[in-house]
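Here are some exercises to work through with the sequence and the 3D view side by side. Try each task before you read its solution.

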Amino acid sequence: MRIHTVNSSNPDTTAAFEEMRASLQAKCPEPSFVFLACNVLHKADAVRTELGQLGAGAAHGASSCLGTMTDAGDLTQDGAGIALFAIADSEGDYGTGFQTVTENARAAAQAATKEALSAADRVGEIPDVVWVTATPGQEEDVLAGIEDIIGTDVPIIGGSAADNSVSGEWYVLTPQQSGDQAVVVSVLFPSTDVSFAYLNGYAPTAHQGVVTKVEGRKLIEIDHRPAMEVYDAWTDAVFETPSASETENILSAATLWPIGREVSRVQGIAHYLLAHPAIANGDGSLDLFADLNPGEKITQMSGTSTALAKRAERVARQARPRADGPIAGALMVYCGGCMLSIRDKMDVVLKGTTDALDGAPFLTHFSFGEQGQVVGGGNRHGNLMISCLVFAGSDDPS
């Protein structure tokens, strides 16, 4: 197995791909699998067309908040970052499926998973790992649909598509199709081992409550009180409820104040899944980027920009293979909201990830929702999280 990353900051999509193809041709001329992440300034149709000309066995792409990051550097600062993560693995099998998501995201994910297994010529088999990107909104149903096909033991890792301003410009794609309400599923049967981690960079506070009323991703009541009233008290009035006829976007400010749910406890250590408050409504409710359920116990979490910047290194180290062997490369998913809050510390994220992975090739997707497998808690969708999927190196680099 060989893994290579290539990237460009050229705002012209065709020119950017010309640069990347030239580099890829020299290092990885016939990739078995390619994952692409890019700024939405590169339009989906143009990216899809160019991606199809790479000749990859399987190709999977998604928009990424402000751009991307690879082992070659941070591509979020220039406004046009685009990058490819390419695997050459003649002994492995890879397949990708695409489905538009309308009313039934679970059924769409089932169909995309079946399509991916067929493309890999591994129908009826269980992959080592699933790589998924969906557009924001129904990620929990997407995970359920994938598990309907391959079971609950296979790690499902990925991130939701993102744009630069939460305006819905995001997209996912393959060389054949693209969409702003869709899911792409890739099944991976690599010839080397994979390992992974899925964590957050926040600490629990003493404030806890129970969800007593919720509609979809709208949190209405905590402990039978308006959710915004409770959230305001828990965060020491960092936020204020807008007037009855107004709404307020609190996505940026709430990045350091997510809502957590304990989903597992391993050796006395609680593992929390996070939900990111996005909109404060005048009726006292909160719109979130993840589902909560009536009766769930929730905990107010808190974070700092320093902790978020350093967390990528910790997650990458935890994701390393248990055996002390070489790393072929890694895919990382880092919350776009977290990235926006620490843009002046992206050098810390880059250095920490690079050091943790011993300089191996990696690509980071800055997402608006993160999926991964929680220790003792199964495959989950959360916000303000970090996922890392590491491919072990092999003795035979071919």
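**Exercise 1. Find the residues of the largest nonpolar core that touch the most other members.**

Step 1. Start with what counts: a nonpolar core is a set of buried Ala, Val, Leu, Ile, Met, Phe, Trp, Tyr and Cys residues joined through side-chain atoms within 4.5 Å. Buried means under 20% relative accessible area, exposed over 50%, and partly exposed in between, with a 1.4 Å probe and protein chains only.

Step 2. The largest core has 49 residues, and Y334, V349, L357 and C388 touch the most other members. Helix α6 (residues 305-319) gives this core its largest share, six residues; helices (H or I, at least four residues) and strands (E, at least two) are DSSP runs numbered from the N terminus.

Step 3. Now select L357: leaving out residues up to four places away in sequence, L357 touches A316, R320, I327, A330, F362 and V390. Contact here means heavy atoms within 4.5 Å.

A note on the source: this is a predicted model, where local features need pLDDT of at least 70 and side-chain atom pairs count only at pLDDT 80 or more, while totals for chains, interfaces and linings use all residues. Residues are numbered from 1 along each chain as its sequence is written, and side-chain values use heavy atoms, with hydrogens and water left out.

**Exercise 2. Describe the lining of the largest pocket.**

Step 1. On a 1 Å grid over the protein atoms alone, a cavity is a set of points where a 1.4 Å probe fits but cannot get out, and a pocket is an open set with protein on both sides within 12 Å along at least five of seven lines; lining residues have an atom within 4 Å of a point. Grid points are joined across faces, edges and corners, and a volume is the space filled by probe spheres set on the points.

Step 2. The largest pocket has a volume of about 750 Å³. Its lining has 30 residues, and F196, A197, L199, Q318 and V375 are the closest to its centre.

Step 3. Strand β13 supplies the largest share of this lining, seven residues.

Step 4. Sort the lining by class: 18 nonpolar, seven polar and five charged. Ala, Val, Leu, Ile, Met, Phe, Trp, Tyr, Cys and Pro count as nonpolar, Asp, Glu, Lys and Arg as charged, and the others, Gly among them, as polar.

**Exercise 3. Is S186 buried or exposed, and which side chains does it join through polar contacts?**

Step 1. Look in strand β12 (residues 182-189), where S186 is placed.

Step 2. S186 is buried because its relative accessible area is 0%.

Step 3. The side chain of S186 makes a polar contact of 2.7 Å with that of H60, and another of 2.7 Å with that of T96. A polar contact is a pair of N or O atoms within 3.5 Å; within protein, one must be able to donate a hydrogen and the other to accept it, and residues adjacent in sequence count only if both atoms are side-chain atoms.

**Exercise 4. Which residues line the second largest cavity?**

Step 1. V132, T133, A134, E139, V142, L143 and Q371 line the second largest cavity. Both β8 (129-134) and α4 supply at least two residues of that lining.
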